[in-house]
Amino acid sequence: MNAPTGSLHPDHAHPQRWLALIIVLTAAFLAVLDFFILNVSIPVIMADLHASFAQIQWLIAGYGLAYAVFLITGGRLGDIYGRKRMFMLGVGGFTLASALCGFAHSPEMLVASRVIQGFMAAIMFPQVLSIILVTFPPEEKNRAFSIFGASLGMAAIAAQLIGGFLVDANLFDLHWRPIFLVNLPVGIVSLIMAQRIVPESRAPHALKLDLGGVALGTLALLLLMYPLVQGREQGWPPWMFGLLIAFAPATAIFLFYEKWKTARDGSPLVELPLFRDYGFMMGLLVTLAFYGGLSAFFMTVTIFLQDGAHFSATRTGYVFVPFAVGFLLASTLSPRIMKYLGRYILNFGATLMITGLVCIDWLIRTHGTTVMLRQLLPMTLCYGFGQGCVMPQLVNIVLSSVDRTHAGSASGLLTTTQQVALAAGVAAIGNIYFALLGPQPQAADFSLALGHSLLWNIGLLCVAFCLALMLPRKAKHEIEATPDHAAAV
């Protein structure tokens, strides 16, 4: 495959490319940091803002949906108007949204600010790997991508500790707010340094924007997500079921529009021929099942530990540190494991995750809210290691069945599927969890609710395990990273 569009010639590599890498990775670090920091802060936010269960679900799902529907458009904006320009716009908007989150005075304002964060992350994040691809010569790209992966793993680890410390420290009597406000100085410094150091690049033949596709896709997803999140709290009135039913025709209209857009100018949001690729479609189903329970796992376990078992935010963070360590370790080792297991690395990782969840479920059913920190650590390590085996290689395995000409669009659709699965999982499993918890939960209710939610997580992983066995045994080719593919990593 040819070098990514707009890349620098090896003889004219940017002299400050490694400093530029640090700058763009700082932004990626913040995006991951915010996800995990929010997890350990959910109970404190609920208590301080008197947020409902549905509003807490929207804090996670709203971010994921905004990120999902604008991700492909964010990548195209960089190709058209300049990747550095869009990176700086995304960082600036993400920083401003973080300030809005930090100063939110109501659950509604916090949810809206999180949606803005997700939108800005969708503009910012695709530019990060695109900038790496066009800035580094071929012989240095693997090293740059390795640093990228390690930085995200470190962000996951740091978030557990930083988030717990900031919440428990209650700096300046701000309670949970510093978890968002800490982004401000980092974002401002990143903007100043990016202006001076990061090189600009564009794609001379970039695809046009498909704002109609974005609007129709957003409408379809909202028709699905709104009833899943709000239905339980509003008693499932008939019109809620009407919205769920409307999801199917709305999706059909979206696909029809994409077909028309393809015929008109060849720049649809989603390339429909991808849906005729058996390997890719099976990969999307594996992705839906695998990612469906991830965000819900962190949300439900965090609420159980802090509200049920009365762990502090810092102590809760310690529970998830082995998960992050296991994930980072497995991500580093997964290429070597892949050499021995091939695509069965997905089944290996899923087995470890299921083992970790089964053991956690056994602990909760045995000890309830008296469970101890040291009892949970081996289980979260096992779960994290399994996830670290699956996530990096799932992208490569799924995309390896796609024709090279569709690699960029396939990776964007794959990443969108990941985010939709995360948001839908929070809504669906969260509904079960909060329904069992009840309005005034007792210790036994926390154990019952978490046990049932873990069973749904285990069930989804079992489905992913079985679907992974149906993936093509041999890839058509090795996928080489492109700017759109970068967004899926």
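Where is the place of His175? His175 sits in the loop between H5 and H6. Keep that loop in mind; the tour returns to it.

**Before you start**

This is a predicted model, in which local features need pLDDT of at least 70, side-chain atom pairs count only at pLDDT 80 or more, and totals for chains, interfaces and linings use all residues. Residues are numbered from 1 along each chain as its sequence is written, and side-chain values use heavy atoms, with hydrogens and water left out.

**Stop 1: helix H1**

Select residues 17-49, which form helix H1. Helices here are DSSP runs (H or I, at least four residues), numbered from the N terminus. Follow H1 to Ser41, where the helix bends by about 60°. The bend is the angle between axes fitted to the seven residues ending at a residue and the seven starting there.

Now colour H1 by accessibility. Of its 33 residues, 24 are buried, so H1 is mostly covered. Buried means under 20% relative accessible area, exposed means over 50%, and partly exposed lies in between (1.4 Å probe, protein chains only).

Step just past the end of H1. His50 has a positive phi of about 55°.

**Stop 2: the loop between H5 and H6**

Select helix H5 (138-169) and helix H6 (178-181), then the loop between them. Phe172 is in this loop. Its phi is near 55°, a positive value in a residue other than glycine. Is Phe172 buried or exposed? Phe172 is exposed, with a relative accessible area of 77%.

Move on to His175, in the loop between H5 and H6. His175 is not a glycine, yet its phi is positive, about 55°. The relative accessible area of His175 is 32%, so this residue is partly exposed.

**Stop 3: from the loop back to H1**

Show side chains for Asp48 and Arg177. They form a salt bridge, with the closest N and O atoms 3.9 Å apart. Asp48 lies in helix H1 and Arg177 in the loop between H5 and H6, so the pair ties together parts that are 129 residues apart in sequence. A salt bridge here is a side-chain nitrogen of Lys or Arg within 4 Å of a carboxyl oxygen of Asp or Glu. Asp48 is partly exposed at 29% relative accessibility, while Arg177 is buried at 16%.

**Stop 4: further salt bridges**

How many salt bridges does the rule count? The count comes to six. Among them is the pair Arg83 and Asp79, with the closest N and O atoms 2.9 Å apart. Arg83 and Asp79 are both buried.

Next, select helix H9 (residues 238-265). Lys261 and Asp265 both lie in H9, four residues apart, about one turn of the helix. Their side chains meet in a salt bridge at 3.0 Å, N to O. Lys261 is buried, with a relative accessible area of 7%. Asp265 is partly exposed, at 27%.

**Stop 5: the cysteines**

How many disulfides does the structure hold? The structure holds zero. A disulfide is a covalent bond between the sulfur atoms of two cysteines; the cut-off used here is a pair of cysteine sulfur atoms within 2.5 Å.

Select Cys462 and Cys466. The closest cysteine sulfur to that of Cys462 is in Cys466, at 6.9 Å, too far for a bond. Cys462 is partly exposed at 34% relative accessibility. Finish at Cys101, which is buried at 0% relative accessibility.

Conventions
Helices (H or I, at least four residues) and strands (E, at least two) are DSSP runs, numbered from the N terminus.
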